Amino acid sequence: MMAADSDPESEVFEITDFTTASEWERFVSRVEEVLNDWKLIGNNSSKPPEKGEYTSGTWEEKTQDINFADFKFSVTHHCLKQESEEGEGKEEPEEDAFPTAMQDLLCMNNDFPPRAHCLVRWYGMREFVVISPGANCEAVISESKCNLLLSSISISLANTGCQVPMFVQIQQKWRRMYHGECQGLGVRTDFEMVHLRKVPSQYNHLSGLLDIFKSKIGCPLTPLPPINIAIRFTYVLQDWQQYSWPQQPPDFDALLGGEVGGVEFGKLPFGACEDPISELHLATTWPHLTEGIVVDNDVYSDLDPLQAPHWSVRVRKADSPTCLLGDFLTEFFKLCSKKESTEEILGRGPVEDEGKDDISHALSKLTEPTAVPIPKLSVSNMVHSARKRIRRHRRVDESPLSNDVLNSILLYLFPDAAIDKSSSENSESKASQLNTDGKPEEKESDDYNLYNQLKSAPSDSLTYRLALCVCLVNFYHGGVRAVAHLWQEFVLEMRYRWENNYLVYGLASGSPDLRCCLLHQKLQMLNCCIERKRARDDGRKTAEGGKERERGRERKVSGATGTENGRLGPESAEMGREVSPGKSWDSWSDSEGEDEFFECLSDTEEMKEAGSTDGEKGGAKVAKPDGRLHPHGKLTLLNSQEPLYIPVTQEPAPMTEDLLEEQSEVLAKLGTSAEGAHLRARMQSACLLSDMESFKAANPGCTLEDFVRWYSPRDYVEEEVVDENGDTVVRGDLSARMKIPGNMWMEAWATAKTTPARRQRRLFDDTKEAEKVLHYLAVQKPADLTRHLLPCILHAAILKEKEEESVEDILSVRKAIQQATSHASKLLRHPSPDYKKLEDVITQLIAVETVIARSRSLKAKFGIGKAEQGDNAEDLERFVSSLLEEPEVSVIGAGRGPAGSIIHKLFVSAQRAALLAPLDEDTGRGGGADDKKPMGGASVPDFPPPAGREILLRTCVPRPAPYSKALPQRLFCVLMREDFRLAGAFSSDTSFF
């Protein structure tokens, strides 16, 4: 037969099939399936839990969803993971043993666990199952539905033989109302709960709660078995009084007033702006009492917290306290999302128009035949005059950075600018000394080399200091506008240094360090350009000696090293004028043509060399050697007995990572064809060709074999052979790869001219590369600058936190810093970092700063570091560090121990301040009835009324009949200002009732 519901077209008969399972029966069956799947059948007896195991142990959870019709429920199994649980279960096959949950009701090892599920705290169980309404489902409020659910779990437990207690969550979730049941062999425990907003006056003390407990268990025995009582009162301290907050705030007046010195710009602030510890909770516990020992009623109470045998403390931490370093990092990170350019931020006004006129006027002056003072024609002078004009026309209130602050920052970034420049050599030597002045022991340390992991910059570099300045300027001096202003000044300074041959301070010499951030590489590249330009100009100056061009070298550009005009080449006839001494002729013309030389001597000398060379060629003689460095050991040329000389060669061109990437892309686009491979090899052999030309100039009459012996000795194979005279001689020849027809080495050797390095076309066009770098810097928006400097700021923040942690010595903080460093390293070494994930790194660093601030706050409150602590200092330090790591810490000696006495004083001072009492006694008002003090006393109570009271009542009595088994009964009571809860577990004998 089929039900009418399954066949809607049936209109004649309506037959109800009572053998078909109802929704309720399906629900019960589904609960039973879950219990069987989780293997919760039978009694898995195990050893009693150890003291504190509920807090220190590991809790496991399993969840599964089931439906009652279209209403979703979630079934969750909570269990304490215990070792050797299986072995214990096999050794105790007792048939009449109570269920584990009933044994746990009387266990005293884990009363009041500081961190556990509320049912664990109320009933002391290590394993239970909860059925609660699913997410986004309405609460089970009606009594009929509650009873239906309770009936369901009762049937499921009976059918399966499961001895794990099962609860149903009813009423609204915030009320945490649970009813449940546990079934064993001939026994059953009902779990019931009462929850009210206000504490009834008759139950506001121990005696009233004992009356409830006795009436509920209804024990028929006249000498009632003793009731075990455990009591915990919790007191809250919120007002710290003189222990307010030890954080030293930064000197805001100095920072905001523009009086900040260079030293201040090198430091990141640290610490919380508010007390990160908001409350201290003192729990006073009486773990073992009986009914006759203690009196607690509406008139009098023996429960004095100072007399409690056990004290424990927990601290409530402020939610996300404002921290200085965290605020700096957060505000700096926000700049990454800005899209405005520097010009848009600083604004365009009439100043720009005036500047345009001046610049066009200056360019027209360059082409005028009239005599003009030459120093005024350099680009650097025009830039600086424009800078002065901008400052003059920009009103004071429009300038994001005042002149004082800007000068302080620039002196911090470029301390070499403060050196007396009366003597250029003296100033350069001092600058170079400052530039490389670092502590060798520091440079070997892990902290110094942290920039390798984070791809930032060394902590003594200009880039690192610039990052600190940008961060501070952004926070204190006007945000993104101040950053744009500082960056504009920085770029102008870079331009000035390039124009006047000043090395950029604070950068390691040599090629760009690819382990550092791209901005640092760009600045190093600019330094390489300046070094090459200075070397070229100094070489020309030396070669020309005391010739008449000496008069053109003197100039007045802030005491800079003099540079000479370039050569007068074949195209010099077109240029009937002197070029500005502010820049060498090569610097002006290098990017224009393709035929310029690396270096050349004076025109007459070149002509002489050319003439002599031609004469020698006419006489079939070899050219005069040129560009020799030193002999190469005892080697001689193969075709003569002349020593083989190592030539002076050009240095390879330094590259930044973006140039390398660009070059690799160009080479990759050539493809894998023979023509593409040949072209790729030619592009890569520019340095080889230059070295060949230098070698030919240094070793006239040499061959390719001679060059290979110096350049690639492995490709020159020597072996012993016997000549026609019978003598053993050593003969050499090129390797097999060198003999391949048309290989790149042979082609390059055939096309190489006899040209010394100083007269070759430059492999590295320093003028062009410097202009590219300066253009790159000029077009960077503040957001781009922030992204470049973010690794340096994270680097600085990590170093700051390591420094602060070394004072506090907190193990968890050290681990957190290592994790944050590792996380940041993985993200920052990626070509395009994920800035959302980098925000997580900043969150980690803020969390570390908060923990250190909490440690300092607690140490200040407990007087750690003061001389009067004496022998108790170590105990107090351990106590404070435990407060940071653990949810609740026991106070050794309770109220009479060193920590307890400090806590007592804290409460006393807070009470007197709250009641406006003098330090010695209170003459105005008493403590009140709520303080549980004798009514006649006029003194101020040492402690406020307890914020929470927890009373645990336990006994073991036969129920429901005198001849029933003696079973565990338990009532947990919570009394707070706006919360009253009774959680009872009442067992009864189902065999003998």
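How many bridges join S2 to strand S3 (residues 127-133), and do the two run parallel or antiparallel?

Reply: Seven bridges join S2 to S3, and the two strands run antiparallel. This is a predicted model: local features need pLDDT of at least 70, side-chain atom pairs count only at pLDDT 80 or more, and totals for chains, interfaces and linings use all residues. Residues are numbered from 1 along each chain as its sequence is written, and side-chain values use heavy atoms, with hydrogens and water left out.

Two terms come up at once. Strands (E, at least two residues) and helices (H or I, at least four) are DSSP runs numbered from the N terminus. Two strands pair if DSSP finds at least two bridges between them.

S2 covers residues 71-81. Its other partner here is S1 (residues 58-68), paired in the antiparallel sense over eleven bridges. Follow histidine 77 across the sheet. Lysine 62 stands opposite histidine 77. Valine 129 in S3 is also opposite histidine 77. The hairpin of S1 and S2 has two residues between the strands, and alanine 69 takes a positive phi near 60° there. In a regular strand, side chains alternate between the two faces of the sheet.

S2 is mostly covered, with eight of its eleven residues buried. Buried means under 20% relative accessible area, exposed means over 50%, and partly exposed lies in between (1.4 Å probe, protein chains only).

Leucine 119 sits in helix H5. Its relative accessible area is 0%, so leucine 119 is buried. Leucine 119 touches Gly124, Met125, Phe128, Val130, Phe167, Tyr178 and Met193, leaving out residues up to four places away in sequence. Contact here means heavy atoms within 4.5 Å. Phenylalanine 167 is 48 residues from leucine 119 along the chain, yet their C-alpha atoms are separated by 9.4 Å.

Phenylalanine 112 lies in the loop between helix H4 (100-104) and H5 (118-123). Its phi is positive, about 55°, although it is not a glycine. Phenylalanine 112 is also buried, at 4% relative accessible area.

Next, the cores. A nonpolar core is a set of buried Ala, Val, Leu, Ile, Met, Phe, Trp, Tyr and Cys residues joined through side-chain atoms within 4.5 Å. The largest one has 135 residues, and Leu280, Met494, Phe862, Phe879, Ile903 and Leu953 touch the most other members. Helix H18 (residues 462-476) gives the most to this core, with eleven residues. Apart from it lies another core of 47 residues, including Val34, Leu35, Leu157 and Tyr178.

H18 deserves a stop. Of its 15 residues, 14 are buried, so the rest of the structure largely encloses the helix. The expected span of a helix is 1.5 Å times one less than its number of residues. For H18 that gives 21 Å, and the end C-alpha atoms are 21 Å apart, which agrees. Just after H18, glycine 478 takes a positive phi of about 120°. Phi of lysine 455 is near 50°, a positive value in a residue other than glycine. Lysine 455 counts as buried, at 14% relative accessibility.

Leucine 953 touches Leu206, Leu209, Leu210, Phe213, Ile227, Asn228, Ile229, Gln969, Arg970 and Leu971, again not counting residues up to four places away in sequence. Further along, a cis peptide bond joins arginine 959 and proline 960, with omega about 15°. Proline 960 is in the loop between strand S15 (948-958) and strand S16 (966-976).

Last, the whole chain. It has 33 helices and 17 strands. Of its 993 residues, 46% count as buried. Among contacts with a separation of 6 or more, 74% join residues 24 or more positions apart.

The predictor's confidence in each residue is pLDDT, from 0 to 100. The chain averages 76, and 74% of the residues score at least 70. Over residues 420-434 pLDDT stays under 50, and the model has 21 contacts there beyond four places in sequence. Residues 920-937 also stay under 50, with 18 such contacts.
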